[in-house]
Amino acid sequence: MLDGYLGGAKWFPFVLLGVGAFFTIYLKFPQIRFFKHAWKVVTGKFDKGDEPGDTTHFQSLTTALSGTVGTGNISGVAFAIFLGGPAALFWMWATAFLGMTTKFVEVTLSHKYRVKTDDGTMAGGPMYYMDRGLNMKWLAVAFAVATVISSFGTGNLPQSNGIATSIESTFGFSPVYVGGALAILLGLVIIGGIKRIAAVTSKIVPFMALVYMIGAFAVIFANFSNIGPAFASVISDAFTGSAAAGGFLGASLAYAFNRGVNRGLFSNEAGQGSAPIAHAAAKTKEPVSEGMVSILEPFIDTIIICTVTGLVILSSGVWNQKHENIFDRSDMQFFAGEYSEAKEQDVRALYQYLNDYDNASVEKFTGEIQVVNGVAISGGYTLINARSFAEDVTYSIGSVDDPFTGTLKVEDGEISRANIIVSGKSLVHSASLTAIAFTKGFFGEWGKYIVSVGLLLFAFSTAIAWSYYGDRAMTYLLGPASVMPYRVIYVAGFFWAAISDTTLVWALSAVAIVVMTLPNLFGIMMLRKEMKQSMNEYWEKVNK
């Protein structure tokens, strides 16, 4: 229910895009005017060795990128297309373009009001401009609390879950072992603080982007004839909608818009207020110059990397095809009656139910299913998995190699027994969909290993960066003594998420994003005049 009011709220995309559009016009399209200058700043053209800070412009950029380039670029894009079809990618582009300005504003203001802590390091972020710039301590506290929550909901839980899911499906390793090993590595890195984090991310980010791009373009070039139609479907579906989006039980136009914007924010985090915490450590006396650097983040993260992922999925054609997979409990439902994929009225009825139409007439199934050697021999129900009619369904107990025989009780659309494994053919989403798409290129089946390695590096670096965001928020709230307990809980959460349900984790991340974003958007709107003045003064100085 909370996801419906916050994570999936219909009003949230309009607020997010509205603030981005306002600043884009108010500051006269800085994402276009300052784009070239931003590259000069990040390459060190204006660097001075004696300026205060802990990291270089490049290290701040890679640390912030490591916090944004994660499962949103691999799993998130696939999930958005699964839910909203090609149109979702268009709205991710829109979010990124406007988000370039939003990030420019939030980073500039956060850097301007940063402070030096007792241990000599810099601490900054929206909570500091809310406190010192707006004199709104209550808002700063609210944002800091939301940052701690979001460090788990955005940077920790979905990253770990995405890694574990991908590694299990590709290599067959148990999520328990994957989560345990990576939790230990995470603990070793984050104990070193921002300087160790920056040193690690400045090496991981360029390498992981190169590996991922090589694998992606191997698919895009192999399916080059489909690129044109893929782009056309992204544009046309964004304005016309398609009942076939995400499969024949896909989403409406409004749903595609909502999920595209939400996934776009999850990917580039523009407006969320997270990246400013990393940028506050940059060595410079000019806050606007660091804001310039941040303009590049949504461009690299969403307009480049997410677009490439989207083109891989769309050009390969796997997004609306059924694939053999093990059904996730949260993805499957049993409905009363035997519906047929070949009957338009049956498809329409289920489509209306899955898209929350008020007149939906579908009811969930409650009853018993007789199974012999893994195959159901009784009827009276329809199994829907991942918004599609399930085919070739088998039931196992304990493992997929042990077929079940007996009676299964279904209550309100769900199987009662916890140890029953259901598998068959259906649509898939998240990292599994991207992994399948990567096998449709020149590397063949080896392509899925690139996704697994890329997801491991992307997601792990995101978890590293977000641990820093969380500990800066804890420092603001409770002081330096609270950082170590936070890190212990953070590492424990990383392990827990590896063995948790995918859909529940994504729902938590959607809620956490909104809870953190709203105070930040309110704050930067309050300081809009100060932002414009700072930008104009900096630009006049640069062009003297």
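How accessible is Lys-322, and does that make the residue buried, partly exposed or exposed? At 22% relative accessibility, Lys-322 is partly exposed. The term has cut-offs: buried is under 20% relative accessible area, exposed is over 50%, and partly exposed lies in between (1.4 Å probe, protein chains only).

This is a predicted model, in which local features need pLDDT of at least 70 and side-chain atom pairs count only at pLDDT 80 or more, while totals for chains, interfaces and linings use all residues. Residues are numbered from 1 along each chain as its sequence is written, and side-chain values use heavy atoms, with hydrogens and water left out.

**Salt bridges**

A salt bridge here is a side-chain nitrogen of Lys or Arg within 4 Å of a carboxyl oxygen of Asp or Glu. The model has ten of them by this rule.

| Lys | Glu | N to O distance |
|---|---|---|
| Lys-103 | Glu-297 | 2.9 Å |
| Lys-541 | Glu-286 | 2.8 Å |

Where do Lys-322 and Glu-391 sit? Lys-322 is in the loop between H17 and strand S3 (323-326). Glu-391 belongs to strand S9 (residues 391-397), 69 residues apart from its partner. Helices (H or I, at least four residues) and strands (E, at least two) are DSSP runs, numbered from the N terminus. Glu-391 is partly exposed, at 31% relative accessible area. A network of salt bridges links Lys-322, Glu-341 and Glu-391.

Lys-103 and Glu-297 join distant parts of the chain, 194 residues apart. Lys-103 lies in helix H7 (residues 87-112) and Glu-297 in helix H17 (residues 296-316). Both Lys-103 and Glu-297 are buried.

Lys-541 is partly exposed, with a relative accessible area of 48%. Glu-286 is partly exposed too, at 22%.

**Strand pairing**

Two strands pair if DSSP finds at least two bridges between them. Which strands pair with S5 in the antiparallel sense? Strand S5 (residues 367-372) pairs this way with strand S10 (residues 406-411), over five bridges. Gly-367 has Val-410 in S10 as its bridge partner. S5 also pairs in the antiparallel sense with strand S6 (residues 375-376), over two bridges. There, Val-372 is partnered by Val-375. The hairpin of S5 and S6 has two residues between the strands, and Asn-373 takes a positive phi near 50°.
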